[in-house]
Amino acid sequence: MEDLTSSKQEKANQDPGEAERPWEEVAAFSQGPESGLSEPLELEQGPDTGPKRRGSPPQSPESRASTPLDDLAGPGTSSPPSLPQEGSYTPSPPALARQDLAAPWQSDKTTSVNPEAGTPQDHHLEQSDKGEPTASQTCQSEGITFRQSQQTKHHLYGPEDVNHNNSKQKELRFNVFQEEDSNSNHDLDRAEPGASEVAPSMLEIAIQSAKAYLLKTSSKSGLNLYDHLSDMLTKVLDERPEDAVDIIESISQDVKMEHFRKKLDTLQNENEMLPTYEIAEKQRALFLQGNLEGADQELEDEIAENALPNVMESAFYFEQAGVGLGTDETYRIFLALKQLTDTHPIQRCRFWGKILGLEMNYIVAEVEFREGEDEENVEEEEVTEERDDADSEADEDDEDELPRNFYKTPQAIPKEENRTGANKYVYFVCNEPGRPWVKLPSVTPGQIVTARKIKKFFTGRLDTPIISYPPFPGNESNYLRAQIARISAGTHVSPLGFYQFGEEEGEEEEEVEGRRDSFEENPDFEGIQVIDLVESLSNWVHHVQHILSQGRCNWFNPIQKSEEEEEEEDEEKEEEKGEETDYIEQEVGPPLLTPISEDLEIQNIPPWTTRLSSNLIPQYAIAVLRSNLWPGAYAFSNGKKFENFYIGWGHKYSPDNYTPPALPPVCQEYPSGSEITEMDDPTVEEEQAFRAAQEAVVFPTEENEETEDDEEEEDDYDQE
Amino acid sequence: MDAESLLLSLELASGSGQGLSPDRRASLLTSLMLVKRDYRFDRVLFWGRILGLVGDYYIAQGLSEDQLAPRKTLYSLNCMEWSLLPPATEEMVAQTSVVKGRFMGDPSHEYEHTEVQKTNEGEKVFEEDVVVQIKEETRLVSVIDQIDKAVAVIPRGALFKTPFGPVHVNRTFEGLSLSEAKKLSSYFHFREPVQLKNKTLLEKADLDPSLDFLDSLEHDIPKGSWSMQMERGNALVVLRSLLWPGLTFFHAPRTKNCGYIYVGTGEKNIDLPFML
């Protein structure tokens, strides 16, 4: 702004000068190719180097101070413009350059004093010959930037500049050496402005050098401090943070970061965001599945016998209890369950819970297939059985005269059939809603037994091998399935009376050792007071079968089975039986629908904690049950409805540290008995006595021969 | 997690299943404000919840302006009435280390611990059983202190060290970038640095003194005591401590949302090496 005003002042002050200049300019432009070329160059440089030249303009008007016309203009133009210019820019390199160049100019210009002094116009023309001076002239009238460029040109071409007059040299020198007093002495007109000129020009230099320093471009980042500061201030003024002084360091950092980010953005972002888009794309399918084309009638039929649980409702209740996933995640899981029930012949489905893993988590769905539609499992089983047979055959081939290995692996307890016991339900897992559901294999007793002895974190990848001390038969999917079975058996509870033993089914199940393992919903269930549910644990019952230490829910007698097998093995078994008892006592756990008040205590810690969800509004609160044995297992009931939910690492709680199971007993060596020990060699006396006894029987004539034979025979015995 | 952004934080941390019921949330929002006013805290953190057999402890922490200065810890059983806990001392930690098992949920509950004390009288050594009674409040203090020292987490850049020494919240923290968020080295322990002094000059050379003044998580012992997951399709980083199961740290990359919450039994998982 000040620049503009100053230039206006110029115009006002020196109309005559002004009048001259326009046509001078024209002349300059028309002058020659040189001028035309040089000007654009300067203009281009303007943004970068322009500031550096700013210091010079005052000199150019002053240089013409000797001419009367310019005298008037000189002081007026030179001093006012100089102030604003310096205010905005501080070029030190030019200043230095000026100093360097000052000396050569002096010598050159002394020669050219006369012509210039004679005619100012000539001077201008001569200047225009070099191209740059014209530019400077135009600038003087129009704006400062041009003048600056002119000044640099003076420097550049200074040595060649023959036509410059003395006054110009002086001015330059004065500026350099800050001998401004001489300026003021030149003319009376100038005296007044000259006085004002002194202070600014002293400051000018200092400021110029400082400014130039600030403008020095860093070789590393290509930034300069001047721009950086102005960026920072712009940012502060734009954003107006509170206490900007406290955070100025960070702002500075941010501003710099912005400089660097530009280059990287395009490349990095796209790569990094990929997984986000991928999962979003998959989850999109969940939200769109409702819109799939399908006959409305079919849909209505399906809704009638819907297998889908009301996840959101139970999530609401669990939220009252302070458990559960976020609202949106729950809804995604809900949609994922819908996808599952739509794509599989599922009769009943339930959101079992979530098991945390190291890399990914498992979302577990508990489903029951419709009758006869889960045949895949059967095939799998057959395959495994065949493998077992192959193994046993291989063993038989090894038969030899040498004693065979008597050790028989402990009898593998067969797994329970689908829909019974621990395999009553089928479990599907997925890592994230939207990803495909994976069906877990059915669980075998051996896996459960081993799983009880180990404690491992889940990784989130189903095919991870489980490396543990009792070798775990299977990979992580089997371990996960075993833990699910254990957790379900331990923590799935319902309010007393909600389930009852089905009459028909109950009779069927009586075949299995007279125990019932099936139940049905009680249509006459009238609900239990929430307060009762909280106050008494006996109002909650297990509705999942207890898993015996054998690893099964229903007792399997390993001995009977062994008799059915090959006879040889039976013989071996008999020995074991002899040592133990003829009949292993059947292992019995608590029956179905046992109240949880009979659960075993964990070293003085009650296995369950009950609570009312809200003490403030007890009339609408729900009963919340928390398992202390399986941290993360919860159940709620509002009297009529109930739900079970598990979220956690899938480990059982124990107040003591985990201790790896003891090593199996070392096999005892064969007891040293009559079969192992041998007699001493027969002594001479014994042999002689033996011989004497024989001689007494046999005829004395054959004595010699027989003795030899006997000896041989005895030798043979010895050898044996 | 910050008390002021409690609701968003709870939503973000909900992946671990640890939430608060609506009435607890509401009462916390109310009472923590009052706590901040009454105790003149600069910042109030909702620290978490320790599950007891009878009742739960809700824990809040008040921070002064210097974020690393000793914090004041408060507990409440009903989320409305808060009581100040005494600062933890070494002695307390040593004393309560003998107590195992679950918290009861009653601060005045006393654990009994029998120690065998040997007294020398001349040449004879008598062994006496001395019953030491430990208040649950003491145990609570020491457990909170242990958890804070072991697994309190802050992302790199969320705090900065001022030239005068105190550590302040970095207002210009805009979250970690995605690539940084996946590295354990971008997360720091929210406590006075311990290992930093042991670093070699070579390692220190790359550190930014205003940001890297804390211990990073990557050197935690044992290796693998953290589980890092990207949830919601990379929109959320969740760190779960395996050493103190129940501690969840969350951070949404490129936002300021971060924090940690502990919901658990207050027992250290010393079986960790077996479980990895």
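Modeller: Chain A has an open sheet of eight strands, in the order β4-β3-β2-β1-β12-β11-β10-β9, with mixed pairing. Strands here are DSSP runs of E, at least two residues; helices are runs of H or I, at least four; both are numbered from the N terminus. Two strands pair if DSSP finds at least two bridges between them. This is a predicted model: local features need pLDDT of at least 70, side-chain atom pairs count only at pLDDT 80 or more, and totals for chains, interfaces and linings use all residues. Residues are numbered from 1 along each chain as written, chains are lettered from A and ligands numbered from 1 in the order written, and side-chain values use heavy atoms, without hydrogens and water.

Colleague: Which strands of chain A are at the edge?

Modeller: β4 (438–439) and β9 of chain A. Each pairs on one side only.

Colleague: How does β9(A) pair with β10(A), parallel or antiparallel?

Modeller: Antiparallel, over five bridges. β10(A) covers residues 623–627. Thr609(A) stands opposite Arg626(A) in β10(A).

Colleague: What packs on that sheet?

Modeller: α17(A) does, touching β1 (346–355), β11 (633–637) and β12 (642–648) of chain A. α17(A) makes about 100 degrees with β11(A). Touching, or contact, means heavy atoms within 4.5 Å. Angles run from 0 to 180 degrees between N-to-C directions, with axes fitted to C-alpha atoms, for helices over the stretch in contact. Helix α21 (residues 476–491) of chain A packs there too, and the strands it touches include β1, β2 (362–369) and β3 (426–430) of chain A.

Colleague: Now chain B. What's the strand order in its sheet?

Modeller: β4-β3-β2-β1-β14-β13-β12-β11, eight strands in an open sheet with mixed pairing. β4 (83–84) and β11 (226–231) of chain B each have a single partner strand, so one side of each has no neighbour in the sheet.

Colleague: And how many bridges join β1(B) to β14(B)?

Modeller: Three, and the two strands run parallel. Ile50(B) has Gly264(B) in β14(B) as its bridge partner. Helix α2 (residues 22–39) of chain B packs on this sheet, touching β1, β2 (57–63), β3 (72–76) and β4 of chain B. The direction of α2(B) makes about 135 degrees with that of β1(B).

Colleague: Switching topic. How many residues are in contact between the chains?

Modeller: 54 residues of chain A are in contact with 49 of chain B. The buried area is about 4000 Å², and carbon and sulfur atoms give 47% of it. Buried area is the accessible area (1.4 Å probe) that two parts lose on being put together, summed over both.

Colleague: How many salt bridges between chain A and chain B?

Modeller: Four. A salt bridge is a side-chain nitrogen of Lys or Arg within 4 Å of a carboxyl oxygen of Asp or Glu. Lys455(A) and Asp271(B) meet in a salt bridge at 2.8 Å, N to O. On chain A, the elements giving two or more residues to the side that touches chain B are α15 (248–288), α17 (311–320), α18 (327–343) and β9 (608–612). α15(A) gives the largest share, ten residues.

Colleague: What about salt bridges overall?

Modeller: The count over all chains is 23. Another one joins Arg332(A) and Asp328(A), at 4.0 Å, N to O. These two are four residues apart in helix α18 of chain A, so about one helical turn separates them.
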